[in-house]
Amino acid sequence: MTKTPIHLQELRRRIYQRTKSEPTHRFWGLFTHITKMTTLHEAYQHAKKNGGAPGIDGQSFADVEREGVIPFLENIQAELQAGTYQPQANRKVNIPKANGKMRTLQIPSIRDRVVQGALKLILEAIFEADFCPNSYGFRPKRSPHQALAEVRRSVLRRMTTVIDVDLSRYFDMIRHSILLEKIAKRVQDPQVMHLVKQIIKATGKIGVPQGGPFSPLAANIYLNEVDWTFDAIRRKTAEGNYEAVNYHRFADDMVITVSGHSSKRGWAELALQRLREQLEPLGVELNLEKTRMVNVLKGESFSFLGFDLRRVPNRSRTGTFILMTPKKKARIAVKARIRELIQNGGAKPAKDLVKQINAVLAGWVNYFRVGNASRAFSEVRDYTEMKIRTLLTRRKRIRKRSIGWRRWSNKYLYNVLGLYWDWKVYPLKSVERYR
């Protein structure tokens, strides 16, 4: 009698439940699930949905679709099962940062993205059961907005001393031996461990690449014990329903909140010292220039996930709320992206160019609309209108048609070209709405 294959979702659920019920269990026989066509196909669909540029081999998703997805995946499956799979080098892309420095993204080929995605689909089911609730980054059913809601809740619950933590080149400093040791505590499958080693070694002797599907999971595994250490501190220092210390992490963006009560004087310094002690064995360092300790009662602000947060009085002066505004560098970044699209637009029809701009604006607005973003939205909207009008005027002049900049009305931009127009601001939901 032939067994019915377990659906991928059901498999992941079973793995998760086994992990939850047996804290010391080590899984074996996982490699066969990674190499199944259902897993590889799901990984391909995730990679395609996320899009992204081709890797070092120049192969795009259009190329894969043209040549056939099934043969493409069958070739990957054959290499994995035969033990001949070798990751290609990642294509390095330098992204300018607001401080003038560069961030290096490493883009795997689509083939390697599929393998990493398949590995993640199986291992995620194990480690998601082990992860601490105070970690929000790149996890199922969690989001940056939930992390922001939790931080806001902490500050409003009288944890008014905030440690704005900045880790120095976190992804680049992950030590392979420590990461492999942490994974091996749950995985007893030599083929899986070999595959993990192949993937992380493709970037060099240290670090995991920012840009690969497996890297966010690896980054969460690496800091999980730190997360649980601070959760224990939270529970130990709680007084009734109120915590005196709390900790929130989204990937390498981290905030520690401490009660501002006089009886807790010096606790923030102790929390920061404990963080240093936890990070040191991992080879992770604090960026001392950017790590700050702020007192929100004095009107000082801190940053988290692209927002500046500040405690301010409400309009009636009867209470306070947390003002959340998009950071300046977030506004600069989206305007730079719009400018880049227009500069590289060539002779592309205006409507097609506007569609590209709309995609950028929609993603940016949907992320920041939960904050107090009206002014930032006006700034970005006005900038976008100006750049499009300037482009249209320049094109008319090239054709020797004398039509002024003011010729391009809002009606033309929005009704004819279809420029994005959903700049509404919606309040961030309460913590309970995310749970």
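How far apart do the C-alpha centres of domain 1 and domain 3 lie? In this predicted model, the C-alpha centres of these two domains are 36 Å apart. The domain assignment of the protein gives three parts. Domain 1 is made of residues 8-137 + 167-220, domain 2 spans 224-326, and domain 3 covers 328-416.

The largest nonpolar core holds 73 residues. Within this core, Leu 123, Phe 214, Ile 256 and Leu 275 have the most contacts. Helix α6, residues 110-130, gives the most to the core, with eleven residues.

The largest share, seven residues, comes from α6. By class, the lining of the second largest pocket has 15 nonpolar, ten polar and eleven charged residues.

How many cavities of 30 Å³ or more does the structure hold? There are three. The largest cavity contains about 50 Å³ of space. Its lining consists of Tyr 85, Pro 87, Gln 88, Asn 90, Pro 108, Asp 112, Gln 116, Ile 199 and Ala 202. Five of these lining residues are nonpolar, three are polar and one is charged.

Strands β9 and β10 were examined next. Strand β9 comprises residues 307-313, and strand β10 comprises residues 320-326. The two strands pair in the antiparallel sense over seven bridges. Phe 307 has Pro 326 in β10 as its bridge partner. Six residues sit between the strands of this hairpin. There, Arg 317 takes a positive phi near 65°.

Leu 305 is placed in the loop between β8 (302-304) and β9. Its phi is near 55°, a positive value in a residue other than glycine. Is Leu 305 buried or exposed? With a relative accessible area of 11%, Leu 305 is under the 20% cut-off and therefore counts as buried. Arg 169 occupies the loop between β3 (161-168) and α8 (170-173). Arg 169 is not a glycine, yet its phi is positive, at about 50°. Its relative accessibility is 53%, over the 50% cut-off, so Arg 169 counts as exposed.

Several residue pairs that are separated along the chain were also considered. Gln 278 belongs to helix α12, residues 267-279. In sequence, Gln 278 and Val 226 are 52 residues apart. In space, their C-alpha atoms are 6.1 Å apart. Gln 278 has a relative accessible area of 24% and is partly exposed, because this value falls between the 20% and 50% cut-offs.

Leu 413 is found in helix α16, which spans residues 410-416.

Arg 407 lies in the loop between α15 (374-398) and α16. The C-alpha atoms of Arg 407 and Leu 392 are separated by 9.5 Å. Along the chain, Arg 407 and Leu 392 are 15 residues apart. Arg 407 has a relative accessibility of 44%. This value is between the 20% and 50% cut-offs, so Arg 407 counts as partly exposed.

Methods
Residues are numbered from 1 along each chain as its sequence is written. This is a predicted model: local features need pLDDT of at least 70, side-chain atom pairs count only at pLDDT 80 or more; totals for chains, interfaces and linings use all residues. Side-chain values use heavy atoms; hydrogens and water are left out. On a 1 Å grid over the protein atoms alone, a cavity is a set of points where a 1.4 Å probe fits but cannot get out, and a pocket is an open set with protein on both sides within 12 Å along at least five of seven lines; lining residues have an atom within 4 Å of a point. Grid points are joined across faces, edges and corners, and a volume is the space filled by probe spheres set on the points. Ala, Val, Leu, Ile, Met, Phe, Trp, Tyr, Cys and Pro count as nonpolar, Asp, Glu, Lys and Arg as charged, and the others, Gly among them, as polar. Two strands pair if DSSP finds at least two bridges between them. Helices (H or I, at least four residues) and strands (E, at least two) are DSSP runs, numbered from the N terminus. A nonpolar core is a set of buried Ala, Val, Leu, Ile, Met, Phe, Trp, Tyr and Cys residues joined through side-chain atoms within 4.5 Å. Buried means under 20% relative accessible area, exposed over 50%, partly exposed in between (1.4 Å probe, protein chains only). Domain bounds come from an automatic or database domain assignment.
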